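Please find below a short note for your review. The points follow the structure shown here.

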Amino acid sequence: MSVTAIGAYTHEPHDTADRFTAPLLYVAWDEHMIFAAPAVVPLSMHTIMADVQSKVLPKLYGAHPEFERIQWSQVQWFCGDRMFTPKPKGTLAEHGFGHKSVLRFRTPGLEGLRGSCG
Amino acid sequence: MDKRVEKKKLDLGSRYQALTQDLQWNTSYQPMEKVFPYARYEGIRVHDWSQWQDPFKMTLDVWWRQQSDKERRLYAVLDAFAQNNGQIGVSDARYVNAVKLMLQVFSPLKYALHRALAHSARNLPGDALRIATQIQASEQLRHAQQTVHAASVYNKYFNGMHEVPRWYEQAWYLAPVKSFADDLASAGPFELMVAISFGFETLLSDTLFVPFMSAAAHNGDLSMVPAGFSSQSDTTRHKQAGITLVKFLLQQDSLNISTVQRWVDKWFWRSFRLMPMVAMLQDYMVPKRVGSWKESWDTYVEAPVEALFAELAAYGLKKPAGWQAACAAKDHLSHQAWNAFYGYGHALAFHTWVPGNDELEWLDRKYPNSFDRWYRPRLSYYAQCEAAGKRFHNHALPMQCQVCQQPMIFTEPGDGRWIAYRETQHEDESFHFCSDQCQTIFANEPDKYVQAQLASHAILQTSGSETTENALQASIADLGVVIGRDNGEFHGSEDDTNFTLWGGGQDMKEAQL
């Protein structure tokens with residue numbers, strides 16, 4: 001039994017994809033922790049990577065003074081722990097993302113406020 | 001004249017025996033298994049209950065007398081503090097935010113512990129332990145009440161204390177506390193006792209009581225100090241009882257060892273995950289500082305817990321699985337917590353601020369390995385934004401750990417650079433964790449944690465919205481928090497201006513001269 005209980009005990013997860021207006025994507029800019037935790041964003045998995053870059057990320061991280069200085073060609077992208085090379089017109093789903101996946105991006109040379117990961 | 005006959009008095013041991021274990025009887029109309037339905041399912045084997053004794057041999061009659069004495073003394077002081085306008089004498093109105101946090105976290109947590117212990121006190125099969133648990137349950141209720149009473153004087157003059165029970169139930173940032181308590185409440189009577197008495201009280205409660213009470217005294221809060229000390233005298237007993245209980249369970253049957261170890265691993269870590277708020281309270285929220293979180297950890301946790309487990313090794317118990325990770329976090333914990341709370345300052349029920357220059361220097365002295373390297377630049381940036389009239393806000397909905405429900409703000413142990421991510425697939429669903437320990441807790445009982453209602457997710461479900469900006473703030477406004485009055489920046493807040501208007505903090509300043 002996967003829980004210590006006096007009888008049979010099962011429970012539906014509270015956060016399956018069908019309970020949201022869109023699947024959830026967790027997003028984080030590595031080494032930039034003035035945004036203290038990764039963000040939860042409801043986002044269609046048909047969204048293309050070009051839109052993730054030009055529409056989703058600026059909204060989340062545009063306030064950071066280093067954001068304007070990002071050289072997008074240098075950015076390293078991760079789906080969970082797996083590094084991948086994005087195709088601008090490829091969708092999140094095509095890059096292996098699904099409900100509750102983690103999208104992380106790393107910007108070599110930009111390591112947060114005065115290199116503090118802030 | 002007749003000679004007076006001396007009434008025979010029982011000695012302490014016989015008296016304890018008479019008022020605890022001798023009350024035991026076996027039922028005849030109903031089988032004992034039906035009277036104690038939760039006694040066996042956790043797999044704990046006890047062969048001889050007479051081996052368990054309260055180390056203080058506390059009985060109910062003595063307990064009533066002692067507690068009522070303590071109450072009388074405590075309430076005399078609380079009354080005096082209120083009558084003398086003690087709230088004006090605290091060091092700085094920022095201090096009151098420490099009181100708010102105590103009120104929002106500590107009193108509901110203690111109330112939840114009371115309820116959980118009352119369940120154990122009914123359902124544990126050993127009579128002496130049941131009575132000790134009943135006493136402990138009542139004490140937790142006292143602690144909850146006393147914190148509320150000690151804080152009530154502040155509630156008359158300061159904002160952000162008016163709907164604490166509702167906030168505890170629903171405020172996103174109190175979810176780790178509620179989740180901890182809910183996990184307890186749904187545990188069996190033995191696990192619950194090991195969790196509270198040992199995992200929480202024995203291993204970690206000193207970090208809360210000792211430093212906070214000295215800090216309260218140092219900052220002129222003579223309302224919270226006696227309430228704290230009154231609770232602490234109980235907690236000292238709970239700690240001893242926790243150690244006695246764990247030794248007892250380990251000795252009763254060698255098959256208990258692995259179960260108890262699993263509970264110790266789990267509850268040490270779950271208790272540790274309540275510590276970020278305590279750590280930041282000490283390092284950031286208390287204007288006149290006594291010592292740092294790191295110093296408290298060294299003194300009240302690291303040294304005594306190492307010693308305790310050296311002793312418990314003989315019983316087959318090892319240090320909690322998360323011990324190294326917890327110790328490695330001492331340079332980072334308070335800073336990561338305050339950094340997060342500052343960013344989410346618009347979505348809390350207390351105020352946040354950037355520490356003053358002398359306070360930044362103090363932090364640097366106390367944290368030579370981490371503060372300047374990782375955390376000062378963030379605070380300087382916030383101060384700069386603030387000075388330019390654009391206070392920094394983090395508008396994102398935070399990703400949370402499935403088990404402890406903390407926002408995922410913690411870096412890998414001993415490191416300040418990489419946020420720790422752990423992920424498990426369970427029945428085709430992904431679940432995310434802040435640490436190896438939370439991942440293990442999930443793996444041991446997945447069906448308990450898949451049902452977690454994470455605050456960020458719940459906010460999205462209820463709002464049905466696809467835009468997340470301001471969703472966190474809206475969720476807190478829905479709970480009766482007045483945005484900008486009860487939260488946000490401290491400097492220039494109503495609390496700040498009122499305190500100055502009342503001439504608050506003058507005594508403390510004169511005393512310093």
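1. In chain A, strand β1 (residues 24–29) and strand β2 (residues 39–42) pair in the antiparallel sense over 4 bridges; strands pair if DSSP finds at least two bridges between them. Val27(A) has Ala39(A) as its bridge partner in β2(A). Strands are DSSP runs (E, at least two residues) and helices are runs of H or I of at least four, numbered from the N terminus.

2. This is a predicted model, in which local features need pLDDT of at least 70 and side-chain atom pairs count only at pLDDT 80 or more, while totals for chains, interfaces and linings use all residues. Residues are numbered from 1 along each chain as its sequence is written, and chains are lettered from A and ligands numbered from 1 in the order in which they are written.

3. β1(A) also pairs with strand β5 (residues 101–106) of chain A, in the parallel sense over 5 bridges. There, Phe105(A) is the bridge partner of Trp29(A).

4. Because 6 of its 6 residues are buried, β1(A) is largely enclosed by the rest of the structure. Buried denotes 20 or more other C-beta atoms within 10 Å of the residue's own, exposed 12 or fewer, and partly exposed in between, with C-beta atoms placed from the backbone. Leu24(A), Tyr26(A) and Ala28(A) cover one face, and Leu25(A), Val27(A) and Trp29(A) the other.

5. Ser14(B) lies in helix α1 (residues 12–19) of chain B. Ser14(B) counts as exposed because it has 11 C-beta neighbours inside 10 Å.
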